[in-house]
Amino acid sequence: MCLEEVNVANQSQPPKIVVIGAGWAGLGATYHLAKRGYEVTLLEAGAYPGGLVAGWKTAQGRSIEAGIHGFWYPYRNIFALVNELGLHPFTHWTRSSQYSPMGLEVVSPIFQNEPCLPTPLGTFLYTQFERLPLLDRLSALPLLYTLIDFDNSDEAWRRYDPITARELFKQFGVSARLYRESFEPMLLVGLFAPGEQCSAAAALGMLYYFILAHQPDFDVVWCRGTVGEMIFRPWVEQIEKAGGRVLTNRKVTDVTLENGNYSSAMSTPKSVATTVICGDEVFPADAVIFAVGVTGMQKIVRGSSHLRRLPEFCNLMNLGSIDVLATRLWFDRKIQISRPSNACFGFDPTTGWTFFDLNALHDEWREEPGSVIEVDFYHANQLLPMDDEAIVAKVHRDLATCIPEFKLATVMDSGVVRLPNAVTHFSPGSYQSMLPGVTNIGNVFMSGDWVITQHGSWSQEKAYVTGLEAANRVIDRFKQGSPANILPVEADELHIQMARSLNQGIRHWSKTLFPNFELP
């Protein structure tokens, strides 16, 4: 009997599951498996669970975190989790706006409060553009075909992924001004990179999920404090009550594989993981779930004498990541800010940024006498080398450009958090190097916002969903416990379903007439 069969068959003791990474994916997998009686150990390299959303304190005892994270209307599984935990961490639905160096550009309503229209009419009609002419907005109409054609299937990803988002928008006649003042700002804060560096597939998937699939999808709530304190800390307590172990400051250095050959032609699982190694500590494993970001996964592969022999893991080195800069400023006076969340473009050629009124969003700062503002920069490569003083001066200057009253305010305190290689870069051609949830190692499963899934979600929701998917694969392997109930994304509206069905029929018909005619 091979080692894999022994591990599955020997269930006199609960299966030992090692989960690597304590973000949304890792905590999600650990929580469900612990509730189902598995012996789960969660290893986190950092000092706190939470990955990028973990918060900490400044020297003055003030809360800071690695950027502010919104929770959008389609985050059905995260909202269900929060309800299950009995938590109430969120604000009410909030309005948002967009600024350029010219001033206010766009104001978004709470879309679910408006009369419901077939998508994308509500998004088009209810969004208030301050400067963008109607003719430029209408130039987006031909692009609607791509949202029909891109259905999140593997075939669609492979068709659109080699193209840049900028190239796609240009091909479909989007005006230069609409691209510059609308689409590229959305890419900078949604995919964290300018259009010429973004996969067209990722751009279409992100825009459809967050904005265009249904009228309310762009509606957002925010955590009333740090996500680490308000969600992750009580979640970890529930994991530990269920019998799971959460161990911090554990950097994984290797995963031991047995009963495998490392042929590059490997097409079926021929090896299994038996232990996870963290320096001098060894954790036995009947199954392993990776739940780390791209950069963390690449570090593990580089250091692993076993994983780096496998082509699918070596291919992860083709993936990239993006720098983020998070800042928090405390001012000496209250500045009137019309909407609590704001996106900005046009200040730096390849960088997008957002600012948030934490007096309105966080309970901790509601009664603060001066404004507390979070400002986060994405694709912030050129900002990270600057010293803190220069960064704070730039943030203050940019805020004053958007809202002139900031010119009269003085910064009393500040926090700067540099996050090199912090978020996934969905670059053109990257899809072919990403991993699905199942690997060629029979008991190793993948999760995270960069892992291939057909669920259709993005960002934090995708990470959490893939964690649940990994837990379900463990349950399917050991036949112990019931699987997690993963809520699907809301079904496409009827006219979109009909259009996609027609489009698929035409594509099938054209392939019959012209086999292998299309450049993939």
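Helices are taken here as DSSP runs of H or I of at least four residues, numbered from the N terminus, and they are discussed below for a model that is predicted. On this basis, helix α10, which spans residues 200–212, gives the most to the lining of the second largest pocket, to which it supplies four residues. The lining of this pocket comprises 23 residues in total, and Tyr208, Gly456, Val489, Glu490 and Asp492 are those that lie nearest the pocket centre. When the lining is divided by class, 10 residues are nonpolar, seven are polar and six are charged, while the space within the second largest pocket amounts to about 400 Å³.

The packing of two further helices was also examined. Helix α3 (residues 76–85) packs against helix α16 (residues 459–478) at an angle of about 70°, and their axes are 8 Å apart. Because angles of 65 to 115 degrees count as roughly perpendicular, α3 is assigned as roughly perpendicular to α16. On the α3 side the contact is made by Arg76, Asn77, Ile78 and Leu81, and on the α16 side by Gln460, Glu461, Tyr464 and Val465; by class, the residues of this contact are four nonpolar, two polar and two charged.

Proline 15 lies in the loop that runs between α1 (3–9) and β1 (16–20). With a relative accessibility of 3%, proline 15 counts as buried, since the term applies to values under 20%. When residues up to four places away in sequence are not counted, proline 15 touches Tyr38, Glu39, Asp286, Phe478 and Gln480. The C-alpha atom of proline 15 is separated by 7.9 Å from that of alanine 287, although the two residues are 272 residues apart along the chain.

Key
Residues numbered from 1 in each chain as written. Predicted model: local features only at pLDDT ≥ 70, side-chain atom pairs only at ≥ 80, totals over all residues. Heavy atoms only, no water. 1 Å grid on protein atoms, 1.4 Å probe; cavity = no way out; pocket = protein on both sides within 12 Å on 5 of 7 lines; lining within 4 Å. Points joined across faces, edges and corners; volume = space filled by probe spheres on them. Helix = DSSP H or I, 4+ residues; strand = E, 2+ residues; numbered from the N terminus. Nonpolar A, V, L, I, M, F, W, Y, C, P; charged D, E, K, R; others polar. Axes fitted to C-alpha atoms, helices over the stretch in contact; angles between N-to-C directions. Parallel < 35°, antiparallel > 145°, perpendicular 65-115°, else oblique. Contact = heavy atoms within 4.5 Å. Buried < 20%, exposed > 50% of the residue type's maximum accessible area, 1.4 Å probe, protein only.
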